[in-house]
Amino acid sequence: MIETIDLKKGFGDKTVINGVSATFKSGQCNLIIGTSGSGKTVLMKCLVGLFEPDSGSIIYDKRNFTEMDEHERKQLRQQIGMLFQGSALFDSQTVQQNVMFPLDMFTNLTYKQKCKKVNETLDRVNLKDANRKFPAEISGGMKKRVGIARAIVLQPKFLFCDEPNSGLDPQTSLLIDKLIHEITVEFKITTVINTHDMNSVMEIGDHILYMYQGQKEWEGNNKEIIYNKNQKLNDFIFASEFLKDAKAMRMIEIERGEK
């Protein structure tokens, strides 16, 4: 579990994160959503230590991340996996070498042990026998799965995903969402996802934090979001007439099912 307590972050005279308190639970997909400039990316960068908050606390399983020294943070980072927006694979390395990279950095395993670990992880993300391929030889969806494999090969307790569906077609996006959710539940990972994808919100939003102008505007799950009365959130989620109609139909279906 990760908690933020009255977190604040600014740049110059501009406040970007203004007193955000939230809880991201283990075994759940915790989504951070909001318009561009809402502060969601800065919030995630504070969570992983890329930005230092101006005030407030970040708590990892009752350990105060903001008070840790560099050695303590390095130890904690070994429990953190990161899936970058563009997958961020090394083009000159094979799939196997990309996934093995964290093992080379943070473990003393033998090469044989690392290969076994890589094979098990690739198998889990449905990429068995892709070891020798280079990033240029695989599809966008496969690259995302390689990125996921690299992020979880150390069996992290915490997983951060920055726009995991960016650049993918709708069908592949759903497969990536399903995979991330399965892994989150299976390994009881605290997964935090920064996303614009409303399919992700509705499909895997176990916990959703909606940011607006640097503040927590709404918090709930993908079932509660249908009934929410927050106008700012509704304008963001159900922006088009099609989505407004879809929401109305979904509410009718839910109400009929409850009778």
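I started with strand β3 (residues 28-33), which pairs in the parallel sense with strand β9 (residues 207-212) over four bridges. Two strands count as paired if DSSP finds at least two bridges between them. Helices (H or I, at least four residues) and strands (E, at least two) are DSSP runs, numbered from the N terminus. I noted that this is a predicted model, where local features need pLDDT of at least 70, side-chain atom pairs count only at pLDDT 80 or more, and totals for chains, interfaces and linings use all residues. Residues are numbered from 1 along each chain as its sequence is written, and side-chain values use heavy atoms, with hydrogens and water left out.

I looked up the bridge partner of Ile33 and found Tyr210 in β9. Six strands form this open sheet, in the order β6-β7-β8-β3-β9-β10, with mixed pairing. β6 (80-83) and β10 (215-220) stand at the edges with a single partner strand each, so one side of each has no neighbour in the sheet. Neighbouring strands are turned by 20° against each other on average, direction ignored. Helix α5 (residues 140-152) lies across β6 and β7 and runs at about 170° to β6. Axes here are lines fitted to C-alpha atoms, for helices over the stretch in contact, and angles run from 0 to 180 degrees between N-to-C directions. Contact means heavy atoms within 4.5 Å.

**Entry: the four-stranded sheet**

Next I read the order β2-β1-β4-β5 for an open sheet of four strands, with antiparallel pairing. β2 (14-24) and β5 (63-64) are at the edges, each with a single partner strand, so one side of each is left without a neighbour in the sheet. Five bridges join β1 (residues 2-11) to β4 (residues 55-60). Glu3 stands opposite Ile59 in β4. Helix α1 (residues 40-48) packs on the sheet and touches β1, β2 and β4, its direction making about 115° with that of β1.

Most residues other than glycine have a negative phi. I checked Asp6, which is not a glycine, and found a positive phi of about 50°. Asp6 lies in strand β1. Asp6 is partly exposed, with a relative accessible area of 38%. Buried means under 20% relative accessible area, exposed over 50%, and partly exposed in between (1.4 Å probe, protein chains only). Glu163 also has a positive phi, of about 45°. Glu163 sits in the loop between β7 (158-162) and α6 (170-187). Is Glu163 buried or exposed? At 12% relative accessibility, Glu163 counts as buried.

**Entry: salt bridges**

I counted ten salt bridges. The rule asks for a side-chain nitrogen of Lys or Arg within 4 Å of a carboxyl oxygen of Asp or Glu. In one of them, Asp61 pairs with Lys157, the closest N and O atoms being 2.9 Å apart. This pair links distant parts of the chain: Asp61 is in the loop between β4 and β5, Lys157 in the loop between α5 and β7, 96 residues apart. Another joins Glu186 to Arg124, with closest N and O atoms 2.8 Å apart. Glu186 lies in helix α6 and Arg124 in helix α4 (residues 111-124), so this pair ties together parts 62 residues apart in sequence.

**Entry: helix α3**

Last, I looked at Gln96 in helix α3. At 16% relative accessibility, Gln96 counts as buried. Not counting residues up to four places away in sequence, Gln96 touches Tyr111, Cys115, Val118 and Asn131.
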